Amino acid sequence: MDYYVGLDVSLRSVAVCVIDADGKHIFERSMACEVEDISACLRDVPAGQCRVGFESGAMSQHLYFGLRAAGFDVVCMEARRVNAALSAMRNKTDKTDARGIAQVLRSGWYGKVFIKSREAHALRALLSSRKAVQKKCIDLANEVRGLFRVFGLRLPPRVDQGSFDERVRPLIEADPDLSHALLPLLDARAVLYKTYRELNRRVKQAASHDEICLRFMAIPGVGPIAALTFRAAVDDPARFTSSRTVAAHFGLTPRRYQSGEMDNPGRISKAGDRDVRATLYAAANAMMMRSVASSEIKSWGLRLMRRKGRRRALVAVARKLAVIMHRMWADNTEFRHGKMEGIA
């Protein structure tokens, strides 16, 4: 007999519900969100006849690899579809959510979520750390600018982050009141900027030591950040059956609403990883606006820009970059500046 286990996972606890093939409840419990505790709870359920399912979330990787190592058949389910099924239930509690997840698992009405490798998550953590520190540096620089205006001091519209300290510190030290209030803020920003430079160096080093990223960076406009972000987000190119679906996975294809005689295409869906979408857009902008290297994709984008405008053209080029990068990875090929066949 087959058994289905639904886990409603939170940060520190998990609600467990076990049902059989007919949907009959076997038992329900609540425990700490630890692989050892869940495995001990399911020790009376044969591992070969048991399928464990839970929604995607922050603890997905830990539970997925831990329970698989314990011998269970584990499924990480797409949270949006599970949420749509659970919304039909009258009451929302951890207990009823676990019941609903078990029933969704039994019915098969779910989409599987690909669990990335530990290496991909490590690259993503490096990129996220760099972005967080960079954002704090910009926030502190903007705070100094805002406080300067109160005293009638106006900085140039654009000051390079690397030279910000040497431009601002003499102005602060010349005024005792500003020195008392802003020098600690400037010192804190200097430490953060030094940390940002170290993280930026590590990102570039990781990209330069990765064969796939080096291949991506041969594309005009694609730098270490875009290459490493795409590399970490895809992780395994074989999980996409077609390169065209990669752009849709990252929300770069238009929405569509079709019913009867109505067929309305909309804006891009903006589904999936926001950071990947942003870096692909930035790479497209660099290719179109700053890169001097010519290529078929750039020529196509310039023609589209004259007809559709700059923003639409950049989104289209970003979408095509996602398709090209995946196809280069899957086929183990290099970027060709000439005409390329079979790309979206």
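## A pair of strands

In which sense do strand β4 and β5 pair, and over how many bridges? In this predicted model, β4 (residues 50-55) and β5 run in the parallel sense, paired over five bridges.

Strand β5 covers residues 73-77, and four of its five residues are buried, so the strand is largely enclosed by the rest of the structure.

Now to the cores. The largest nonpolar core holds 47 residues, and the members that touch the most others are F216, I219, V222, F230, L280 and L321. Two or more residues each come from α5 (118-150), α7 (176-208), α8 (211-216), α9 (224-234), α10 (244-249), α11 (274-289), α12 (296-308) and α13 (310-331). Helix α13 gives the most, with twelve residues.

L321 is a handy place to start exploring. Leaving aside neighbours within four places in sequence, L321 is in contact with I219, V222, L280, A283, A284, M287 and I297. Another core, of 24 residues, lies apart from the largest one and includes V35, V45, C76 and I115. In soluble globular proteins, nonpolar side chains tend to be buried together.

## The largest pocket

Finally, the largest pocket contains about 970 Å³ of space. Its lining is made up of 26 residues, with S56, V113, F114, K116 and H249 lying nearest the centre. Helices α2, α3 (79-86), α5 and α9 each give two or more residues to this lining.

Terms used: Residues numbered from 1 in each chain as written. Predicted model: local features only at pLDDT ≥ 70, side-chain atom pairs only at ≥ 80, totals over all residues. Heavy atoms only, no water. Core = buried A, V, L, I, M, F, W, Y, C linked by side-chain atoms within 4.5 Å. Buried < 20%, exposed > 50% of the residue type's maximum accessible area, 1.4 Å probe, protein only. Contact = heavy atoms within 4.5 Å. Pairing = 2+ DSSP bridges. 1 Å grid on protein atoms, 1.4 Å probe; cavity = no way out; pocket = protein on both sides within 12 Å on 5 of 7 lines; lining within 4 Å. Points joined across faces, edges and corners; volume = space filled by probe spheres on them.
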